[in-house]
Amino acid sequence: MSAIQAAEEAAAESALARRGRGGRRGGVGSGRLARRRRRAGIMLSLPAVIVVVGLLAIPIGQAVYYSFTSWDGITATWIGPSAYVSALTDPIFWRVIENNALLLLSIPFAIGIPLAIAALLHEHVRGWRFFRSVYFLPTAISWVVIGMVAVQFFALSGLMNKMLAAVGLGALQTDMLAGQYTALAAVAITFIWSMLGTNIIIFLTGMATLDQTLIEAARVDGLSRWQIFSRVTVPLLKRFIQFSFVITVISAFSALFSLIFVMTNGGPGFGTTTLEFFVYQTAFSQGQFGTGALYGMILFVIMIIVGLVQLRLIRSEDGEGW
Amino acid sequence: MTAASAGVAGAGRSTAATVRRRLRLTTLFALMVLIAVVMLYPFYYMLNNAFRTQTQFDQQSGHSAVSWQQLFTELPVWRELLNSTIICVTAIALILAVSTTAGFAFAKLRYRGSGTVFLAVVAALLVPLQSIIIPEYVNLGKLGLINTYVGAILVYVALGIPFATFLMATYYRGISDDLIEAAVMDGLGYGKTFLRIALPLSWPAIATITVLQFIQIWDDLLVGLLFLQNPQQRTITVGLAALSAGRTTSIPVLMAGSFISAVPAIIVFLIFQRYLVRGLTLGMGK
C-alpha cells in the first residue's frame, strides 16, 4: 500500500542497523546469548523469506525469462530482445498506454476533491464524526460491487442521464459506456469516487497533526479562510498529499482490474484496456503467456519509476528541511 | 476577509456575526449531507433495486422479493460465502503467523544482514500482482493447486506478507529492548518471550493487519478469477463478477448479490474501523 514509503523507511532502518552494529545492545554482539539471539532471529524470519523468495522473487525472475519467449503455455521458444521490439511496435500497445496516460488526468480530481472534503470535515461541525464514517464506508466494499452499480449509473436510462435531463441538459444525454473515450471517462469518474474514502482519511489524519497555533496566527494576521487553507494548510500537508498521490497513482496503474472487468471488459474496442488489463487479456484470453509476461514487466518498470520519483521527492524535501 | 471585517464592526456586530455564523454552519452541514448522499447512493441503489423484478426494474416502480429467490438459484450464495470465509481466515492466519515472527526478528533479534533481508522483504511491496501472475499461475498449476483453496491462499499470503511484516517490525521496534532481554534472562528463551510477552503486546497491529487483509482478500477479483475457476471453490466476489460477465442475469438479481457480498465487509469495517484507518495511514507518519 504505502510501498515506497515503507521501502524508504526500511532502507533507513537497515542503514541505522549497519551503523549501530557492535556497540548497541540488541545489535549483533558475541557470547552465548548473542548466538542464541542470532539463531532465533534467523529461525523466526525464515518463513517470511521463504514466502517472498518462492512466491514473489522467483516468479519475477521467471517473468523476465518468459518475456523473451514466444509461449502459449505449452511450448516456449526463445526469441530474445526482438520480443520487445515487436511488442513495443504493436499499435494496440500504444493505445493501451494512451489509456493509462489519460487515466492519470483523473489524479488531480482524485486528490483535490477529498482534500476539500477533508477540510470540510475538519471544521468539526456537529455530526462530523458520523459523516467521516459514512464517507469512509465505501472503502470496505469491493470494486466489483462499485463497478456494477456504476454501470447502472452511467446507463442510458441511469441516474446520470436522468439528472442531465432534470437540469435541462437533456441534449447531453448519452450512453457513456458505448463510446471509447466516454467509457474511459466513466471508469475514471468511478475510480475518483472509489478513492474518495481512502484519500479523505489520509488528509483528515494529516490535518489532525497540524500545529493549530500556525492557523491561529494566520487568522490573527487577517488572512481569509481560503487564504489560510491555500497558503498555510495545504503546504503543511505536503507529506500527506505526496503519500496520497503515490497511492492514487499506484491504484490507477494496478488496481483498476475489477472496475474494468465489470464495467467495460476493456471495451468498446480497446477503449478502456489499461496495461494491467492488457496483461490479463493477452495471457489468459489469448493464451500468449510470453507477451503477457512482457507487458507485466513493463508495468513493473513503470511502478519502479513511480517509486524512484517518490524517493526523489522525499529526498529533496528532506534537503530543504535541514 | 469576512472574519477581519467582522472584527472592526461596531454596535450590533454580535447579532450580525451570530447570524453569519449560523448561516455558515448550516451551509457546511448541508454540504456534508449532500456528500453523504453521494457516498451512500450505491448502497441505496443496490437495496432499492434488489427488491424488484426485471419488469419492475425497467419501469422503476413496485417492489418484490422474487429476485432474492432467483439469486439463490443462480448463485450458490451460501457455498461461496463459506469459500470466502475459509480463504480469508486461513490466509490471514498464515499472514499473521509469518509476519509477527518475522517482524519480531527484524526488530529485536538482529543478525548479520538482517537489515538487508528486511529491506528485501519490504521492497517486494513494489511488485504489482499483474507482473507475477503468469509465473504464479504456471507454478501453482504444475503443483496441481489451481482450483484449490491452497493455491489462492498462497497467492494472497505472498501478496500480504511484505506490508504486514513491515507493520509488525515497526510496531515491535516500539517495545523496549530491556523488556525482551529481561524476559530472556529470566529463562523464557526467545521463542517463549515472543509468544508470551511480545505477541500479546502487539494486538493493535494484529487487528490492523487482520482488517486490512480481510477487506483486501474478500473484495479481490483477479486472483480468485484465475486460481478458482471452479464454482465450487469460488469466493462470493468472484462468483458475482462471473455472474455479471455472463450478461444473462437480471440486474435486480445482480444487485441482491452485490449487497450480500458487501455485508460481511461492511460489518468488519464497522467493528474495526479504527484499525483500518490506522493501517491506511501507517508508513506515513514520522
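Reply: Happy to! A residue is buried if 20 or more other C-beta atoms lie within 10 Å of its own, exposed if 12 or fewer, and partly exposed in between, with C-beta atoms placed from the backbone. This is a predicted model, where local features need pLDDT of at least 70, side-chain atom pairs count only at pLDDT 80 or more, and totals for chains, interfaces and linings use all residues. Residues are numbered from 1 along each chain as its sequence is written, while chains are lettered from A and ligands numbered from 1 in the order in which they are written.

Me: How does A:Ile189 count: buried, exposed or partly exposed?

Reply: A:Ile189 sits in helix α9 (residues 180-209) of chain A; helices are DSSP runs (H or I, at least four residues), numbered from the N terminus. Because A:Ile189 has 17 C-beta neighbours inside 10 Å, it counts as partly exposed.

Me: How far apart are the centres of domain 1 of chain B and domain 2 of chain B?

Reply: Chain B is split into domain 1 (2-50) and domain 2 (69-281), with bounds from an automatic or database domain assignment. Taken over C-alpha atoms, the distance between the two centres is 40 Å.

Technical notes: Helix = DSSP H or I, 4+ residues; strand = E, 2+ residues; numbered from the N terminus.
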